[in-house]
Amino acid sequence: MRIALHQAVLAVAPLMLCTPGSAAPQAGAAPSVRKPTVYPAQLKLVAPDPTRQVAVTAPPTALGVEPDLTAAVRYRVLDPTVAEVTAQGLVRGLRNGATTLEVQGPTGAVRVPVSVSGLRPDRAYQFASDIMPILSRSGCNSGPCHGKAEGQGGFRLSVFAYNPDADFQALTADRRGRRVNLMEPARSLVLLKATGRIPHAGGIRFREKSESYRILSDWIAAGCPQDSAHTAPLQRLSIWPPSRTAASGARHQVVVTAHYADGSTRDVTRWARYGTNNPGVASVDENGVVLLEKQVGEAAVMAQYDGKVAASRFAVPRSTPPVAMAAYPTPQNFIDRAVWQKLQRLRILPSDAAADGRFLRRVFVDTIGVLPTPDEARQFLAECDAERSRKTGDRTPFETRAKWVDKLLDRPEYADLWALKWSDILRVNKEKLGAKGAHAFYSWIRESIAANVPFDQFVRTLVTASGSSEVNGAVNYFRVVDKPEAAASAMSQVLLGVRIECAQCHHHPFEKWSQEDFYGLTAYFARLQQKGISGGAFLASAPSGETVHPKTKQPVAPRPLGEQPVAGEAEDRRTALADWLCSPRNPFLSKMLANRLWAHFMGRGLVEPVDDFRDTNPPSNPELLRGLSQYLVDQKFDVKKLIRTIVTSRAYQLDSVPNATNRTDEQNYSRAYPRRMSAEVLMDSIASATGAPLQLPGLPRGTRAVQIWDSEWYLPWQSYFLAAFGRPARTSPCECERSQEPTIAQVLHLMNAPEIQAQLSSRTGRIRAQAAAGASRDRMIEEIFLAAYSRRPTAREKAAALKTMQAPGADFVDSAEDILWALMNTVEFVFVQ
Amino acid sequence: MFRTCDGVNRRDVVRAGVLGPMGLGLAELFAARDASAKSPGGTVPPAERNCIFIFLAGGPSQYETFDLKPNAAAEIRGEFKPIPSSISGLDVAEHLPKLAKSAHRMSIIRSLTHTNAGHGGGAHYMCTGKHPTPLFKETTTRPNNEHPFPGAVVTRERGARKGIPPFVSLPMLLTYGGPAFLGPEYMPFVIESDPASPGFSVRDLAAAPGVGESRAAARRTLRGVFEEENKAALKKASSRVEALNTFYQKAFDLVTSPAARSAFDIHRESTAVRDSYGRHTFGQSLLMGRRLIEAGCRFVSIDHGGWDNHTTIFQTLKDDLLPQVDSGLTSLLKDLDERGMLDSTMVVVMGEFGRTSRVNKDAGRDHWPQSQSVVITGGGIKRGQVIGSTDASGEYPVERPVSPEELMATIYTALGVDYQQIVYTPLGRPVPIVADASPVQELL
């Protein structure tokens with residue numbers, strides 16, 4: 001698109017050259033590449049809104065960024081009776097005809113043909129097309145103001161303008177129409193309030209000299225026409241530029257265009273609402289001017305208008321020359337290629353590969369939720385050394401690492417860790433399900449994971465579960481989400497990664513989802529019937545039963561999210577739902593799962609939060625997300641295969657220590673992001689490091705915290721520990737219910753809890769066992785470091801540890817305890833790095 | 001264990017203590033009689049004011065505390081007689097004799113009113129000033145609020161004074177006393193231990209038994225060496241790493257800070273003072289609250305259960321609950337006043353709702369959210385005021401009805417917090433801290 005524009009501009013002559021300015025510093029470059037380009041290449045100004053924003057771009061600089069000149073150039077309309085232009089490049093038609101816009105930049109000028117048509121003297125503004133955008137842009141219908149359910153000060157608008165008819169009524173008819181004064185528009189309450197002429201809790205929204213004021217006032221004077229019948233529906237929104245490489249500190253004008261079903265377009269740059277997904281990189285003002293901040297990275301700039309969304313990607317690279325792909329390490333698989341490409345755009349280099357011990361600890365905790373034992377660590381480190389000594393060049397021992405990954409994926413602890421994760425999301429909860437139900441549900445989850453049942457089959461079994469909750473553990477899910485609405489919103493969030501619950505009561509404020517979408521999903525569950533039986537429930541689909549739309553009171557047909565209803569009625573509507581969900585073409589399921597798995601291993605989802613996919617929250621690396629989800633589909637939803645691919649990638653195996661180029665990068669995976677261990681894994685890690693297994697009352701001997709299948713299982717000490725470290729209560733389908741945030745109570749507990757001290761000094765624990773076996777000081781220190789960190793101590797660490805053990809009067813066992821205590825209270829222990 | 005009638009089993013870790021000896025100081029006997037209502041100290045800037053938030057879980061009866069109806073029919077007025085208090089025109093229940101003499105140190109809202117008669121919903125509404133959404137579910141989880149409790153908001157606004165946590169819950173977390181979506185960094189420091197028990201100490205504040213002070217210090221030094229080795233590499237690697245290190249520093253401050261250690265050491269109080277508050281969990285929690293505020297804490301929440309009196313209400317209140325309130329609250333107000341702390345320390349006492357006018361067949365009263373009496377004083381709140389009134393049967397406000405939103409707006413205003421500011425829920429929904437309410441100006 002940009003190339004086409006460039007050529008279009010080249011055709012415009014003659015070219016005027018000026019003194020080179022700072023915006024285009026390449027002295028001696030060919031004149032043809034020094035001209036700015038103007039978007040759009042032609043200005044067709046058409047009534048009813050004969051206005052267009054232009055955007056002017058300088059050619060790429062030596063550093064590969066394209067500066068925006070929109071506010072830096074001078075504009076002139078050659079025939080000022082046909083059109084006028086502001087200093088910011090907003091062109092407005094004044095009478096039907098043709099002229100030329102001259103854009104005078106520091107390095108040259110370009111001319112853009114302008115045509116004005118369709119202007120009629122009798123044309124009046126209309127409600128939906130002209131007035132609603134003003135209400136939206138001025139924030140009148142936003143959530144904290146008149147858009148909230150009960151309105152504000154008696155004036156109630158639909159949140160973000162999803163219901164134009166009701167809003168028209170509210171503005172013109174409610175309160176006997178005193179909000180608009182047809183005789184004296186200037187005395188209309190809506191204008192007096194919005195301009196602050198009379199007190200307005202929401203403050204001044206626009207001035208009397210503004211375009212908003214003029215349009216509203218003209219519309220009221222014209223008798224508040226609602227809408228003419230022939231208005232073509234809005235089909236889509238586009239934003240220019242679709243992507244842009246920009247320098248930090250720069251400003252860039254975007255241009256937003258609405259495309260209608262009749263082929264007409266309208267410039268809605270002034271009327272769109274804007275936002276970015278990464279405020280550290282970019283912010284955007286109400287006129288569509290993007291300000292690039294200090295931080296290096298990528299940000300999506302979103303524009304919303306009349307329920308449609310368009311996004312533009314802004315990349316702010318480091319201000320150094322571009323980096324060649326040859327500077328990047330050899331990719332292990334497609335993941336590395338996608339990550340490196342993104343990093344190359346930003347001129348960030350990945351950190352070095354993580355040291356062997358650090359990798360081992362990371363991959364153990366992430367994949368199976370346990371720390372390696374000291375003996376495992378010794379063996380792994382030795383095998384890595386052996387492989388390294390065989391290699392030249394890049395000597396990272398990938399083969400040894402991959403071999404150990406395969407071993408991990410076969411261990412039973414794998415199922416424990418992932419059953420815990422899915423039990424959180426699916427809410428295995430004894431309080432709701434009773435002990436029998438919760439255990440049956442958990443067992444079904446764990447057995448499915450242990451057998452590596454393909455995820456699509458797991459989903460099909462879950463959403464179509466029928467029969468007795470004791471016999472079929474999956475049935476319990478419908479006892480957790482026991483109403484059709486709850487089932488729909490949880491299913492959407494958990495399996496589609498779409499938070500649709502907003503749309504239960506109102507149109508989703510940031511998205512296209514409407515109440516029709518919500519109730520269309522709900523209808524799949526409308527016929528479920530539960531009968532209480534001893535110890536649970538019996539679930540079956542009834543032959544009839546409908547979901548009724550709360551506004552229209554009409555039955556709603558089942559409808560896949562974002563698609564048309566499927567003809568024909570299945571015996572159990574959920575079968576049709578499962579067919580849609582598990583189809584290889586389903587646009588949600590594989591992306592949702594790929595993103596959750598990626599987030600688990602990398603510390604951050606490509607879409608974040610992981611269950612909040614929407615056009616206004618685009619993935620940080622769309623190519624990578626596509627690659628991962630396609631891999632899942634190609635591998636028939638084999639979860640272990642995707643995990644293996646992720647953890648054997650070089651991206652996963654990067655060190656967490658930043659280099660000179662990636663210190664501020666927190667979303668492009670140029671290094672490993674440290675993550676605090678989850679509550680259960682941390683508790684098990686303390687048991688593992690101290691060699692003192694947990695004693696969990698009421699659970700079989702040797703049970704680890706990760707295996708506690710019910711989040712409400714009451715344990716005198718462990719419940720405090722797990723709650724303090726953020727174990728979720730499983731009352732929400734959101735992964736965010738599990739807290740990773742540090743608190744002072746956590747720190748105090750790790751430091752001082754008598755229970756942890758008891759593990760440290762356990763008679764059968766690691767330290768006393770080593771002492772009894774006659775371990776030397778050196779051996780003891782190594783053992784402790786391997787148990788806690790999965791690596792040997794550095795020279796400084798070893799010296800400090802030895803000093804502690806050799807201090808006058810130091811007790812061998814006590815001082816060893818002190819060393820392990822100190823290690824368990826460091827970031828390196830509590831976090832996976 | 002207290003169990004409210006909704007069947008929610010509250011995981012209380014402490015039990016209300018039995019009543020201790022009721023010391024009645026001379027000063028107390030004479031102080032109150034003709035003291036006039038004192039105006040609040042306008043000299044303490046709102047941002048420096050603190051709060052002790054007392055929640056009487058279960059729903060205390062207005063008929064047996066601050067809104068007696070002696071002229072109503074017998075099945076309404078109940079068994080208790082009114083006695084005059086040091087606020088002219090305010091009679092209180094006969095089983096609050098000490099508080100009656102100290103009433104000039106507080107104000108009463110008799111017309112607090114809402115419509116949620118569920119324990120969870122009502123408590124959520126009262127503790128946060130926001131009615132729960134339709135998605136709200138009552139669970140055993142603590143905290144369980146959808147909307148932030150004021151202690152968390154104040155913590156976010158002001159942070160900690162040195163060496164002492166800004167927000168402490170005694171003896172346990174209030175069910176609706178958490179930060180909700182503001183995030184766990186605004187969680188209170190929870191004592192979870194009974195300050196009335198002889199061996200009371202705060203969880204995890206001192207080194208584990210068997211680890212002496214010098215060994216604990218040596219451990220911390222060694223940890224510092226190990227952390228240093230990693231820190232250079234990890235500097236700025238993650239904001240959470242930074243946060244954890246900050247929390248370690250704060251925790252070290254706390255365990256080594258004389259202010260905190262002494263504040264939590266309730267055994268330093270004289271026997272007479274401890275006796276005056278009452279040797280029960282409630283009284284000693286209030287005393288601990290005063291100690292914490294004195295040491296620099298900004299917000300203390302105190303949970304006191306047992307007020308869901310569907311049966312034998314008169315006996316329970318007379319023998320157990322009212323004497324605890326009488327000794328505890330009276331001593332707290334007097335103590336704060338005499339130490340010059342009442343001007344800077346708000347005290348507010350409420351439950352989730354009031355109780356029904358008619359005594360039921362089990363000699364109890366049931367839930368009634370339409371009227372409730374609330375005590376509020378100190379920290380910029382006028383004293384000696386009686387706000388609002390209820391009808392002859394005590395069922396509905398007739399003058400100056402006060403909503404939970406208005407009460408919360410009053411609390412925030414006195415504490416200098418902009419309660420109209422917008423905060424964002426995890427779904428991105430913008431909500432004000434308190435919606436659509438003005439403070440009760442008569443109290444400010």
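1. Helices (H or I, at least four residues) and strands (E, at least two) are DSSP runs, numbered from the N terminus. Axes are lines fitted to C-alpha atoms, for helices over the stretch in contact, and angles run from 0 to 180 degrees between N-to-C directions. Please keep in mind that this is a predicted model, in which local features need pLDDT of at least 70 and side-chain atom pairs count only at pLDDT 80 or more, while totals for chains, interfaces and linings use all residues. Residues are numbered from 1 along each chain as its sequence is written, and chains are lettered from A and ligands numbered from 1 in the order in which they are written.

2. Now for the sheet in chain B. Eight strands form an open, mixed sheet in the order β6-β5-β7-β1-β8-β11-β4-β12 (chain B). At its edges stand β6 (189-190) and β12 (386-387) of chain B, each with a single partner strand, so one side of each has no neighbour in the sheet. Two strands count as paired if DSSP finds at least two bridges between them. Strand β5 (residues 167-170) and strand β7 (residues 299-304) of chain B, for example, are parallel and share four bridges; Ser169(B) has Ser301(B) in β7(B) as its bridge partner.

3. For chain B as a whole, the secondary structure comes to 12 helices and 16 strands. Of its 444 residues, 53% count as buried. A residue is buried if 20 or more other C-beta atoms lie within 10 Å of its own, exposed if 12 or fewer, and partly exposed in between, with C-beta atoms placed from the backbone. Among contacts in chain B between residues at least 6 apart in sequence, 73% join residues at least 24 apart; a contact here means that the C-beta atoms, placed from the backbone, lie within 7 Å.

4. Where do the two chains meet? The contact takes 48 residues from chain A and 50 residues from chain B. On the side of chain A that touches chain B, α22 (744-752), α23 (754-760), α26 (795-806), α27 (812-824) and α28 (827-830) each supply at least two residues. Of these, α22(A) gives the most, with seven residues. Helix α22(A) is also mostly covered, as nine of its nine residues are buried, including Ile744(A), His749(A) and Asn752(A).

5. Helix α6 (residues 334-346) of chain A has 13 residues and spans 19 Å, close to the 18 Å expected. Among its buried residues are Ile335(A), Trp340(A) and Leu346(A). What covers the buried residues includes β18 (297-305), β19 (308-316), α18 (622-634) and α19 (639-647) of chain A. Just after the helix, Arg347(A) takes a positive phi of about 60°.

6. The axes of helices α2 (residues 127-137) and α3 (residues 164-172) of chain A come within 11 Å and cross at roughly 75°. That makes α2(A) roughly perpendicular to α3(A), a label for angles of 65 to 115 degrees (under 35 is roughly parallel, over 145 roughly antiparallel, and the rest oblique). Phe127(A), Ala128(A), Met132(A) and Leu135(A) in α2(A) meet Pro164(A), Asp167(A) and Phe168(A) in α3(A).

7. Finally, a hairpin in chain A. Strand β21 (residues 528-533) and β22(A) run antiparallel and are joined by six bridges, with Leu528(A) partnered by Ser541(A) in β22(A). Two residues lie between the strands, and Gly535(A) in the turn has a positive phi of about 80°. Strand β20 (residues 467-468) of chain A also pairs with β22 (residues 536-541) of chain A, antiparallel and over two bridges; Gly467(A) stands opposite Leu539(A).

Technical notes: Two residues are in contact if their C-beta atoms, placed from the backbone, lie within 7 Å. The expected span of a helix is 1.5 Å times one less than its number of residues.
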